[in-house]
Amino acid sequence: MKKLRLFVLLLILVTLSSLIPTYGLEPIDLPEPPAPSEPEKPSFIVCIDPGHQAKGDGKSEAVAPGSGQRKARVSSGTAGVATKKAEYVVNLEASMILKQLLEEKGYTVYMTRESHDVNISNAERAEFANQKGAQMTIRIHCDSIGNSGKTGATLLVPSKTSKYTSGIYEKSNAYAECLKTALKEKGVKVNGIFERGDMTGFNWSRVPVVIFEMGFMSNYNEDRMLSDPSYQHKLMEAVVEALDMYRDNEQ
Ligand SMILES: [Zn+2]
């Protein structure tokens, strides 16, 4: 009996040992470990501010933090000489195209408004972008001037020397340079990049910001172009290409 028990015990041991894997003794074909995936690049945050709104608000607000100087909270903007369309309408049309183009490319987009019936002052728009941690704010506008022959896009950036905006000038201007290049590549006339120290929406901003004046609604031909969805699309493509360019340069 003892021999039989010993035999059974041995049999069990042999069976068990054959189950123990023999790592290290012979090469084992393990499947290739999956390549470590690229860490997700944090999405670049853009704030789009479609200029103006259906009704302006003439109540005043400080033009800069702590400033005693005051300006109207927000105006309703200009209107087209040919189309009779309000600027705030064109601004939002273009902005909605921009939002879609940016989201398709993986940008994170915040809009200060997506309808006309709002009341958001220029300072509040800047604060909104600050709170969202925007890496660039694009303010979409159209121009108007007494001279009906004047045409072309104009880019406005915060003042380099203002105590309120000196810290955001460099990045704002770098983006404006990219936008100027992208617009010119598409055959769009650019009048230039101009520093402005008098804009509430700049002075309250703690994030880089530009105003893209897309063209003149006081010029009959350009006014019609600004309402053409394909022209709006072309302009907004330039905004996106410029952001791609800016982002590449930043890294
Ligand atoms: Zn405007």
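Q: What counts as a pocket?
A: On a 1 Å grid over the protein atoms alone, a pocket is an open set of points where a 1.4 Å probe fits, with protein on both sides within 12 Å along at least five of seven lines. Its volume is the space filled by probe spheres set on the points, which are joined across faces, edges and corners. In this predicted model, the largest pocket has a volume of about 340 Å³. Local features need pLDDT of at least 70 and side-chain atom pairs 80 or more, while totals for chains, interfaces and linings use all residues. Residues are numbered from 1 along each chain, and side-chain values use heavy atoms, without hydrogens and water.

Q: Which residues line the largest pocket?
A: Lining residues have an atom within 4 Å of a grid point. There are 21, and His 52, Ser 75, Asn 122, His 141 and Met 199 lie nearest the centre. Strand 5 gives the most, four residues (strands are DSSP E runs of at least two, helices H or I runs of at least four, numbered from the N terminus).

Q: Which residues are the protein donors of the zinc ion?
A: Donors are N, O and S atoms within 2.8 Å of the metal (3.2 Å for Na, K and Ca); water is not among the atoms, so a site may look incomplete. Here they are His 52 (NE2), Glu 87 (OE) and His 141 (ND1), 2.1 to 2.2 Å from the zinc ion. Their spacing in sequence is H-x34-E-x53-H. Glu 87 in helix 2 and His 141 in strand 5, 54 residues apart, link distant parts of the chain.

Q: Are Glu 87 and His 141 buried or exposed?
A: Buried means under 20% relative accessible area, exposed over 50%, and partly exposed in between (1.4 Å probe, protein chains only). Both Glu 87 and His 141 are buried. Other buried residues of helix 2 include Tyr 88, Val 90 and Asn 91.
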